[in-house]
Amino acid sequence: MQIFGVDIGGSGIKGAPVDLDKGDLAEERYKVLTPHPATPDAVADGVKEVVGHFGWTGPVGITFPGVVTGGSTIRTAANVDKDWIDTDARALLGERLGGLPVTVLNDADAAGVAEMQFGAGKGRKGTVFLLTFGTGIGSALFVDGTLVPNTELGHLELNGHDAEKHASTKAKEDHDLSWEHWAHRVQKYLAHVEMLFSPELFIIGGGVSRKAQKFLPLIEGVKAEIVPAQLQNNAGIVGAAMQAAQTA
Ligand code: BGC
């Protein structure tokens, strides 16, 4: 069975049909740049372009980089235009896609759902976190495989800052931090999350998971196991499609 997945990120909107048996993209993904400002209207046009590229006419799962309740309502918008707050994203995006059935969920939650089923979290019990490092920091919490949605741990306070302003990959790029310097910040962040939740496993996702060997070996003193995401930057697309399949 195939369902379409779209991942709305701070830099790109990407999507592809997903093979739900394999947990992988069924075709090469298509990406457009995220518009700036990333208003609901402009982003909806981007989503339409991505879905339209494949001529898709079935259900669509869509991730959003903020709190999403009930598969539909946007509650926060840290890295996209604030006009998103209180938007009914399911109605907006469904209408822009010509009435296709749409499900919306948080981007990190989507990536986590995919990693738990098909990737680094497969079969893992206990407390597991998927953390995405990108424009922001996203978090997905699983307890014995069940998602606790919208945890938003990217906004914990770290060194007096919003953690994602200090330890996201955007912070690394903006401040031209070395891998060593950035890994030190990530280590402090993980230690903070560990102090609060004592997870057994951290799965590190986002685009930077491709370069895990550059920074994971530099992280010390965290008791939990730390592994890179296996679906890497496609996890959001796959998880969005999985969610849409459940609600379709
Ligand atoms: C948002 C989260 C999102 C994360 C990654 C944060 O700024 O608040 O909802 O998961 O960025 O995109």
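## Domains

The centres of domain 1 and domain 2, taken over C-alpha atoms, are separated by 23 Å. Domain 1 covers 2-107 + 235-247 and domain 2 covers 120-230; these bounds come from an automatic or database domain assignment. This is a predicted model, in which local features need pLDDT of at least 70 and side-chain atom pairs count only at pLDDT 80 or more, while totals for chains, interfaces and linings use all residues. Residues are numbered from 1 along each chain as its sequence is written.

Ten residues of domain 1 are in contact with ten residues of domain 2, contact being defined as C-beta atoms, placed from the backbone, that lie within 7 Å. The side of domain 1 that touches domain 2 has four nonpolar, five polar and one charged residues. In this classification Ala, Val, Leu, Ile, Met, Phe, Trp, Tyr, Cys and Pro count as nonpolar, Asp, Glu, Lys and Arg as charged, and the others, Gly among them, as polar.

## Ligand site

The shell around the ligand takes residues from both domain 1 and domain 2, so the ligand lies between them. The shell has 15 residues, of which Pro65, Ala78, Ala108, Gly136 and Gly138 come nearest; a residue is near a molecule if its C-beta atom, placed from the backbone, lies within 6 Å of it. By class, four residues of the shell are nonpolar, eight are polar and three are charged.

## Nonpolar core

The largest nonpolar core has 71 residues, and Val6, Val47 and Ile62 touch the most other members. This core draws at least three residues from each of domain 1 and domain 2. Such a core is a set of buried Ala, Val, Leu, Ile, Met, Phe, Trp, Tyr and Cys residues joined through C-beta atoms within 7 Å. A residue is buried if 20 or more other C-beta atoms lie within 10 Å of its own, exposed if 12 or fewer, and partly exposed in between, with C-beta atoms placed from the backbone.

Leaving out residues up to four places away in sequence, Val6 touches Ile13, Gly15, Val47, Val50, Val51, Val60, Ile62, Thr63, Ile237 and Ala240. In soluble globular proteins, nonpolar side chains tend to be buried together.

Strand S10 (residues 137-143) is largely enclosed by the rest of the structure, because six of its seven residues are buried. Helices (H or I, at least four residues) and strands (E, at least two) are DSSP runs, numbered from the N terminus. Two strands pair if DSSP finds at least two bridges between them.

S9 and S10 pair in the antiparallel sense over seven bridges, and a hairpin of three residues joins S9 to S10. Leucine 131 stands opposite serine 139 in S10. S10 also pairs with strand S11 (residues 146-148), in the antiparallel sense over three bridges. Here leucine 141 has valine 148 of S11 as its bridge partner. The hairpin of S10 and S11 has two residues between the strands, and aspartate 144 takes a positive phi near 50° there.

## Two exposed residues

Lysine 122 is found in the loop between helix H3 (107-118) and strand S9 (127-133). It counts as exposed because it has 12 C-beta neighbours inside 10 Å. Apart from neighbours within four places in sequence, lysine 122 is in contact with Met116 and Gln117. Its C-alpha atom is separated by 8.6 Å from that of glycine 145, 23 residues apart along the chain.

Glutamate 173, in helix H5 (residues 169-174), is exposed, with 11 other C-beta atoms within 10 Å. Glutamate 173 and leucine 141 are 32 residues apart in sequence and 27 Å apart in space, C-alpha to C-alpha.
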